[in-house]
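Dear colleague,

Please find the structure below, handed over for your study. My notes on what was found in it follow directly after.

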Amino acid sequence: MSSGAFFYALCMGAAGSSLGALLSKNVFRAAIFFLITLLCVAGLFVGLSAEFVAAAQLLIYAGGIAVVILFAIMLTTRLGRKPLAAGAHHVVAGYVVALSAFLTLSAALLERKLSSKAASSTMAEIGPALLGAYAAPLEVAGILLLLSLIGATAIAGSGKPRQE
Amino acid sequence: MSTTPVLLLSAWLFAIGMAMIITRRNGILMLIGTEFLLNAANLNFVLFGHSYGEPSGQITTLFIILVAVCEVSVGLAILIKVYHHYRTIIPDQIAELKEK
């Protein structure tokens with residue numbers, strides 16, 4: 001299979017699985033569709049020669065966020081009782097807003113041609129930039145990550161232990 | 001390799017995320033919707049960085065992924081806490097913030 005066909009297949013896979021996540025009645029299944037979308041987008045990043053971002057997407061999104069979401073679904077599902085409510089409301093309004101957003105965005109994005117064969121930046125450029133021009137934002141992001149993880153642990157872990 | 005399908009896909013993912021936030025009633029699915037929005041932005045940043053030959057597109061994407069991790073961890077922690085308190089994670093059914 002040529003790389004172009006593979007690229008289109010990844011695009012179609014991401015579009016289809018995201019639609020599945022929107023329409024799925026089951027929360028667990030929607031999370032799995034979300035995971036498939038993330039994997040397809042990571043493949044597209046490789047196609048756009050952003051290998052490091054693809055690796056970060058796989059490690060952080062597919063390995064971290066998706067697993068944490070699955071854990072949260074399991075923790076908030078009462079086993080053996082009625083399944084987790086996954087219904088929809090405001091369906092017509094939501095789809096109209098989403099469709100108009102899609103049309104507006106695609107019209108704006110397709111307005112001008114992007115060159116598709118420009119020299120892409122590699123890890124050898126990104127690393128020095130992260131430690132040079134972007135060092136301050138990187139430190140701030142690290143502090144934000146530390147604070148939010150401590151805060152999440154404090155929020156979810158506080159409270160009395162369950163009496164059995 | 002044409003850039004058109006990627007641009008269309010990013011618009012599509014944004015629309016899907018928006019529809020999920022508006023229509024789904026479950027708190028976790030609304031969080032997944034915001035992740036779709038962030039992924040659409042990531043895709044565009046990487047694509048534009050690629051076509052202009054700039055490393056800043058990929059660097060911005062890395063920062064967005066980092067902020068998404070923070071958002072999801074805190075959001076899910078709050079959802080688990082809300083579930084322990086109200087036994088539901090449907091935002092419409094949670095009318096008060098204060099214990100009666």
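**The contact between chain B and chain A**

Between chain B and chain A there are nine residue pairs in polar contact, with both residues of each pair at pLDDT 80 or more. Please bear in mind that this is a predicted model. On the side of chain B that touches chain A, the elements giving two or more residues are helix 1 (4-23), helix 2 (27-52) and helix 3 (56-86) of chain B. Helix 3 of chain B gives the most to this side, with 22 residues. Sorted by class, the side of chain B that touches chain A holds 45 nonpolar, 17 polar and seven charged residues.

The contact as a whole draws on 69 residues of chain B and 85 residues of chain A. The size of an interface is often expressed as the accessible area lost when the parts come together. Between chain B and chain A the buried area is about 7,000 Å², and carbon and sulfur atoms give 76% of that area. How many salt bridges does the rule find across the interface of chain B and chain A? The number found there is zero.

**Helix 2 of chain B**

Helix 2 of chain B consists of 26 residues. From its first C-alpha to its last, helix 2 reaches 38 Å, close to the 38 Å expected at 1.5 Å a residue. At its N-terminal end, helix 2 of chain B is capped by B:Asn26, with a side-chain oxygen 2.9 Å from the backbone nitrogen of B:Ile28. After helix 2 of chain B comes B:Gly53, which has a positive phi, near 65°.

With kind regards

Note on methods:
Residues are numbered from 1 along each chain as its sequence is written. Chains are lettered from A and ligands numbered from 1 in the order in which they are written. This is a predicted model: local features need pLDDT of at least 70, side-chain atom pairs count only at pLDDT 80 or more; totals for chains, interfaces and linings use all residues. Side-chain values use heavy atoms; hydrogens and water are left out. Contact means heavy atoms within 4.5 Å. Buried area is the accessible area (1.4 Å probe) that two parts lose on being put together, summed over both. A salt bridge is a side-chain nitrogen of Lys or Arg within 4 Å of a carboxyl oxygen of Asp or Glu. A polar contact is a pair of N or O atoms within 3.5 Å; within protein, one must be able to donate a hydrogen and the other to accept it, and residues adjacent in sequence count only if both atoms are side-chain atoms. Helices (H or I, at least four residues) and strands (E, at least two) are DSSP runs, numbered from the N terminus. Ala, Val, Leu, Ile, Met, Phe, Trp, Tyr, Cys and Pro count as nonpolar, Asp, Glu, Lys and Arg as charged, and the others, Gly among them, as polar. The expected span of a helix is 1.5 Å times one less than its number of residues.
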